[in-house]
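Please open the structure in the viewer and keep the selection tool at hand. The tour makes two stops, each beginning with a selection.

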Amino acid sequence: MGEKDTKAKEYLADNERFADLCNYVLFGGEQVITADELEERDTTEILSTWGIGKKQVKAQQKWRDLLKRAVIKYTGEMYIVLIGVENQTEVHYAMPVKNMVYDALNYNSQVKEAAAKHREQSELGSGAEFLSGFHKEDRLTPVITITLYWGEDEWDGPRSLHEMFQKVDERLKPYLPDYRINLLVPQEIKDFHSFRTTLGAVLEIIKYSNDNQAMSRLLENRKRFSTMDNESISVINTFLGTEIPFNDLEGGNDMCKAWEDHKEEGRKEGRMEEIYASVRDGDYSAARGAEKLGISVQELEKRMEEAGYPLPFVM
């Protein structure tokens with residue numbers, strides 16, 4: 001698992017942020033799922049295939065990023081649902097199939113658990129129930145999978161199984177079950193105020209990270225960005241390649257100042273790259289390039305080598 005995937009998983013493992021994501025995607029920001037009603041579940045999904053004589057032929061094992069059991073209390077009723085989250089740092093062009101497999105494996109596990117329970121308690125049931133191991137009164141716990149895309153660009157992959165099919169006779173479509181992914185893309189979010197945790201702020205910064213003017217306006221006009229917790233800063237640094245410093249004190253960091261410092265550092269790096277290229281191409285002598293950067297010729301040579309400009313140049 002890469003650094004970005006690990007960081008995203010750690011960030012959303014927090015129940016407050018996990019609940020915030022679920023409430024935004026499933027209930028439009030309404031506070032239906034609470035952090036204290038979430039319970040961690042095993043993310044391993046297994047499917048075993050059996051041959052003649054109950055000999056195992058093949059076992060398929062998958063690991064979700066996150067899976068939690070949620071208790072939803074709403075309008076006097078209580079519901080149980082399993083919610084999985086898949087973090088995507090890159091577009092996945094087979095995401096509908098990937099998520100569909102996770103959900104199908106979980107439902108299969110639920111059926112197997114019910115069958116095992118009936119066998120243990122000698123509840124054989126009717127012939128049909130005995131054959132399936134699943135009794136007429138048994139019910140499955142619904143499984144919902146949310147895909148969070150952490151990229152700065154648009155999602156250009158399919159969002160449903162039908163979108164992945166080659167051309168097919170329209171008369172056949174009613175017989176082809178579809179599977180739609182529950183996808184959240186920062187570029188498509190219109191209202192970040194519906195989030196109740198720093199998750200919303202992080203996604204908003206990702207959305208505008210390639211637009212310096214929009215980012216400046218965002219940080220200047222939004223009080224909630226004036227300070228940010230270090231966990232969120234760590235996520236931003238990981239995904240955007242920034243080096244925003246952490247605040248050693250509780251209360252977070254001044255994001256406005258930190259982003260300005262990041263832009264200034266970017267401008268300096270851009271100027272250095274221009275000088276390196278000019279020296280490499282012979283527009284500047286090494287002495288002139290070193291003078292512009294305020295360093296020695298030897299230091300310039302070293303930096304150009306490290307930056308990938310190892311070509312010979314004129315002194």
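**First stop: Gln110**

Select Gln110, which is found in helix H3, a helix formed by residues 95–120. Please note that the model on display is predicted.

Is Gln110 buried or exposed? Its relative accessible area is 13%. Because residues under 20% count as buried, Gln110 is classed as buried.

Next, display the side chain of Asn106. The side chain of Gln110 makes a polar contact with this side chain, at 2.9 Å.

Which residues does Gln110 touch when its neighbours within four places in sequence are left aside? Select Leu82, Leu140, Thr141 and Val143 to see these contacts.

**Second stop: helices H5 and H7**

Now select residues 198–207, which form helix H5, together with residues 230–240, which form helix H7. The axes of the two helices come within 10 Å and cross at roughly 25 degrees. This angle is under 35 degrees, so H5 is roughly parallel to H7. The crossing in which H5 passes H7 is right-handed.

To view the contact itself, show the side chains on both helices. On H5, select Thr198, Val202, Ile205 and Ile206; on H7, select Ser232, Val235, Ile236 and Leu240.

How many residues of each class take part in the contact of H5 with H7? Colouring by class will show six nonpolar and two polar residues, with no charged residues.

Technical notes:
Residues numbered from 1 in each chain as written. Predicted model: local features only at pLDDT ≥ 70, side-chain atom pairs only at ≥ 80, totals over all residues. Heavy atoms only, no water. Helix = DSSP H or I, 4+ residues; strand = E, 2+ residues; numbered from the N terminus. Buried < 20%, exposed > 50% of the residue type's maximum accessible area, 1.4 Å probe, protein only. Polar contact = N/O pair within 3.5 Å; in protein donor to acceptor, adjacent residues only side chain to side chain. Contact = heavy atoms within 4.5 Å. Axes fitted to C-alpha atoms, helices over the stretch in contact; angles between N-to-C directions. Parallel < 35°, antiparallel > 145°, perpendicular 65-115°, else oblique. Left-handed = near helix turned anticlockwise from the far one by under 90°. Nonpolar A, V, L, I, M, F, W, Y, C, P; charged D, E, K, R; others polar.
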